[in-house]
Amino acid sequence: MAVTTGDYPYAFHIALDGNGLNGLEGRAGVCVFHYDPRTERYAYKIEYYDGVAGGHAVSVSPDRAVGFLGNTGQHLMFYDTSSLAEVERVSTLRFEPTDASIKGTTHLVWLDATQAVAAIGEHLWQFDLRRPTRPERLGPHGVLLPHAMKATASGRYVVYGGMDHPLRGEAREAGIFDLEKGTCRRVQLPTTCWHVACHPRDDRFYALSFRVLPQDGGDWHEWAMAYFKEYVFEIDARTGEILRHWTSGQETPAHINSDVCISDRELIYCNGGSGTIVMIDLETFSSFRIIDERPGMTDQLRAGRQSLRQITDALTRGSPTASSRHFLAALRVSRGTLLDSVYACQLSADQSLLFTANRGLNTITVYDYPSNTVRLRVAMPELQDYVDGLAWWEDPRLGFHHSTLLSPASQTHRSTL
C-alpha cells in the first residue's frame, strides 16, 4: 500500500515475528500503521527481512529517521522509518559471544540521533550508527539475560528486565546501569520481570512479572505459561529500593505481559496470554481496570488456522500426558481460548489515543483514552501476502510483538504525576 507519511500524524511501529507460538524463533519484520484521527484514514506498510530471525521489539531514533528492530538472532538491525528499507545490519557475535541462542539484542536505548546503548553477551555496549562496527563496551549488565530496556527521566540510568536463562535458570531480578559511573546494580525480586517502564519525571521505574515454567522441568528455552499470581514493582533507580508493589491473584487475567506505557493516572500494559490491557491506578497502586480483548466464539471459529498452529506448536514443546499441568495452566491463563492476543500497546503523547495490536486476531485497534471506547479496528492482511510459499490454509498471522508510537511532533503533554 502506498503511504505518504506526511498525510498521517501517527505512525505505530510494530515488530513482527511471523506466525507460530514461539515469537523468539520466528521471522523478523516491521509493520508501520499510519493513522489520522481527524479523517479516520489509515494506511500501513509491512516488510520482512531475510537472514534475520526472532523479530521482537522496535524503537525509533529521536530524529525519527532510523528504526531499530530488536531480535533474538544476534543482529543489530536498523531500518529507514519512511521506506522500511534496511539501513544497517551487524552481527553482534563479532563483539562478544553468547551462551544461549535466544540471548540477543532485543531492545536498546537511544542516547541521540545516532548513538544507543544495548546489551550483548554479558555487557552493555554503546553504538554509533556512523561507526556501527566499532562500539564501546560500557561494563557488565549484571543479570542472566537482559531484556526490555529503558532510560529513566534524567537519562542517567538505563534500567532493564531479565529473562529466565535457558540453562542458568530463573532470573527474578532487574538491572540498573549508571551511565555516569559506569556501574551496574542488580535488584533481586520475588519473580522474573521481562518488561519495564519508566516514570516520566522521576528516576524510578516499573518492572512487571512474567511468570513461566520450564516445559520439561529443566530447559527454560521452551517455557510454559505459569498460572500464578502476578506482580508489578515500583523501583527507585538511584538506590535500587522497591518503593511499592502491586499483586493480583492468579484468577486476574494479567498473564504474559508485553508492551508497557504510562499516563498521568495509570500504568498501562497488555497481556498476550490473557487477552487484556490492564490499567493500574498510580496514586493508590492498588485499584485497576481492564480492557478485555478476549475473542468471542465467532472470532475464535474464524481464527481456526491460528488455533490449529497454536495447538501444533504447543505439542512440540511437551507431551500432553507428561506435561498436562502446563497445558491446563495455559488454558486457565487464556480463559479457554486457543489464541494468543495483545502484544503491542502504546499511548499517544497527548494521552488521548491508545493503540494496540492483537497478535492472535491479526487486528490493530485504536481506543479513545481514558474512556477506552473503540475508535477504529482494522483487520490486517495475511502473512501469505508477504511471504512466498505459504499455502492458504497455513497460519496467517503477521506476528505482532513490541511496538513504539510516533505522535505528532507538535503534540505535547505536561505530566501532572
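# Reading a predicted model

Guide: In strand β29, T373 is the bridge partner of D368. This is a predicted model, in which local features need pLDDT of at least 70, side-chain atom pairs count only at pLDDT 80 or more, and totals for chains, interfaces and linings use all residues. Residues are numbered from 1 along each chain as its sequence is written, and side-chain values use heavy atoms, without hydrogens and water.

Visitor: How many bridges join strand β28 to strand β29?

Guide: Strands (E, at least two residues) and helices (H or I, at least four) are DSSP runs, numbered from the N terminus. Two strands pair if DSSP finds at least two bridges between them. Here 6 bridges join β28 (residues 363-368) and β29 (residues 373-379), and the two strands run antiparallel.

Visitor: Which residue of the hairpin of β28 and β29 takes a positive phi?

Guide: N372 does, with a phi near 65°, in a hairpin that has 4 residues between the strands.

Visitor: How many aromatic pairs does the structure hold?

Guide: A pair of aromatic rings is described by the distance of the centres and the angle of the planes. Rings of Phe, Tyr and Trp (its six-membered ring) pair if their centres lie within 6.5 Å; planes under 30 degrees apart count as stacked, over 60 as edge-to-face and the rest as tilted. The structure holds 14 such pairs. One of them is F68 with F78, a tilted pair at 5.3 Å centre to centre, with 50° between the planes. F68 lies in strand β5 (residues 66-71) and F78 in strand β6 (residues 75-80), so the pair ties together parts that are 10 residues apart in sequence.

Visitor: Are F68 and F78 buried or exposed?

Guide: Buried means under 20% relative accessible area, exposed over 50%, and partly exposed in between (1.4 Å probe, protein chains only). Both F68 and F78 are buried. Y206 and F285 form another tilted pair, 5.9 Å centre to centre and with 40° between the planes. This pair links distant parts of the chain, 79 residues apart: Y206 is in strand β17 (residues 204-209), and F285 is in the loop between β24 (276-281) and β25 (288-292). Y206 has a relative accessible area of 1%, so Y206 is buried; F285, at 4%, is buried too.

Visitor: Which residues do ring pairs link into a cluster?

Guide: The cluster is made of Y10, F12, Y35 and F355.

Visitor: Where does the charged end of R317 sit?

Guide: A charge sits over a ring if NZ of Lys or CZ of Arg is within 6 Å of the ring centre and within 35 degrees of the ring normal. The charged end of R317 sits over the ring of W223, 5.5 Å from its centre. The charged end of R359 sits over the ring of Y343, 5.5 Å from that ring's centre.

Visitor: What volume does the largest pocket have?

Guide: On a 1 Å grid over the protein atoms alone, a pocket is an open set of points with protein on both sides within 12 Å along at least five of seven lines, a cavity is a set where a 1.4 Å probe fits but cannot get out, and lining residues have an atom within 4 Å of a point. Points are joined across faces, edges and corners, and a volume is the space filled by probe spheres set on them. The largest pocket has about 1,400 Å³. Of its 48 lining residues, the closest to the centre are K150, V260, Q346, T404 and L405.

Visitor: How much space lies in the largest cavity?

Guide: About 80 Å³. Of the 14 residues that line the largest cavity, the closest to its centre are K103, G104, A119, I120 and G121.
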